[in-house]
Amino acid sequence: MLAGLLLTAAGVRAETGAAEVALRPNTNGDWRFFVNGQEFPVRGVGGAEAPGLLEQLKEAGGNCVRTWGIHTLEAKLEGGARFIDRAHELGIMVIPGLWVQHERHGFDYGDPAFIASQRTQLLAQVRAYRDHPAVLAWGLGNEMEGPASPTGSVVVLQEVEELAKLIKQEDPQHPVMTVIAFTGAGKVASVMQHCPSIDLLGLNTYGAAAGAGSALQAAGWSKPFAITEFGVSGFWEVGKTDWGAPYEPTSQEKGRSFYAAHRMVYELNPGKHLCVGTFAFLWGWKQEKTATWFGMFLPSLEKLAPVDAMAKVWTGQWPTNRCPNLAALTSPAAGQRVAPGATLPASVVVEDPDGDTLVFDWMVSAESTEQSVGGESESTPASFPELVAGGANAHTRFRTPDMPGRYRLFVTVRDQRGGAATANFPFQVEPRPTPGAQP
């Protein structure tokens, strides 16, 4: 039991406008948020920053969004509404991210001036939004302990503890969550040792999301937790070509992963009673390894299969319009080394559950060469639309680039009703043989 988390704020809400938020076990012994006295199972996502995405979240049955930084709350959406106000209008709660700086970005946790400055900044952010009725909890930091570290940085975690205590003094109405990259028992042990004031733990975990509750219990964790990023297997967790290019799952495979991971960690596996809910990643789109790896939408706001999967687990029903079901993308070039300037076929096996007419977009792009850490921003690789030789349908022919290097062939399938499907494969163009060279 977490002392002091059952918040009796009758009167506070009337005075400030803040929701009454409690964090406690329900009658079944499952840890849950309670908002204004009503049980609030978190059906959450990360992202939703672009205009239209909060509305799509509401339509799919979601009820919560987490941000990585406080700036998102002020983002202007269509009509000029602030992000946090529009979320409230839609009945969506928000866990605002309070960004805690990372050592790998050059911030020195031995520098008293930096520590004082960061504390001042974060507490000002808390004061600015603590009375907003959409605030559910505070998200203190994101992978600031070191994404790849097996134990986490002690000095950073110690400062997270100090920040958590200061935030609770400023705002006793809302629980405080910190978010780590889940790398195993060692890091959990460090959080337990150095951050006793944290009310719940957020875990960013992909291929291991389904077993997170079991792993936490085995590590001795007994407080509530949330899966704060999950969904597709990360590019570090999948099979690769012989030159190291990861094979990205199709959007349909991703949808199955989202569905299974949520159900396993929240409904079925040991430790589920500690899980207050999940946050699917990413309710939007981004360039990370590829333009489609983590996004649940296209930039055109067309949804992909993971959105349908989350709607199913949140509401028990499939959406009225479902995304195309993309079963396979095949080509002699898939995962292979090929000659420059060769024309090769590619085909996609796809059907639409609703019988919609499908349109196809094929594209050759360079492989990303950036090695970002912790999901940091990457530039978009060059694309070569002129290399698609023909076929705006399920079958195409494309020409491999003349320049040796690493590339991908992408296909996007749209149902013209707001649903889409994606797939791609890597290939490597080999240098032309030198004339007269010995074989």
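Visitor: How much space lies in the largest pocket?

Guide: Happy to start there, with a note that this is a predicted model, in which local features need pLDDT of at least 70 and side-chain atom pairs count only at pLDDT 80 or more, while totals for chains, interfaces and linings use all residues. A pocket is an open set of points on a 1 Å grid over the protein atoms alone, where a 1.4 Å probe fits, with protein on both sides within 12 Å along at least five of seven lines. Grid points are joined across faces, edges and corners, and a volume is the space filled by probe spheres set on the points. For the largest pocket that space is about 1000 Å³.

Visitor: Which residues lie nearest the centre of the largest pocket?

Guide: Residues are numbered from 1 along each chain as its sequence is written, and side-chain values use heavy atoms, with hydrogens and water left out. Lining residues have an atom within 4 Å of a point. The largest pocket has 47 of them, and nearest its centre lie Asn142, Glu229, Lys286, Gly374 and Gly375.

Visitor: How many residues of that lining are charged?

Guide: Asp, Glu, Lys and Arg count as charged; Ala, Val, Leu, Ile, Met, Phe, Trp, Tyr, Cys and Pro as nonpolar; and the others, Gly among them, as polar. In the lining of the largest pocket, 21 residues are nonpolar and 18 polar, and the charged ones number eight.

Visitor: Which elements give two or more residues to the lining of the second largest pocket?

Guide: About 550 Å³ of space lies in this second largest pocket. Its lining has 26 residues, with Ala291, Thr292, Met363, Ser365 and Phe410 closest to the centre. Helices (H or I, at least four residues) and strands (E, at least two) are DSSP runs, numbered from the N terminus. The elements you ask for are strand 16 (359-366) and strand 19 (405-414).

Visitor: Is Glu143 buried or exposed?

Guide: Glu143 sits in the loop between strand 8 (138-142) and helix 5 (154-170), and has a positive phi of about 60° although it is not a glycine. Buried means under 20% relative accessible area, exposed over 50%, and partly exposed in between (1.4 Å probe, protein chains only). With a relative accessible area of 9%, Glu143 is buried.

Visitor: What is the relative accessible area of Leu301?

Guide: Leu301, in the loop between strand 12 and helix 9 (305-315), also has a positive phi, near 75°. Leu301 counts as partly exposed because its relative accessible area is 28%.
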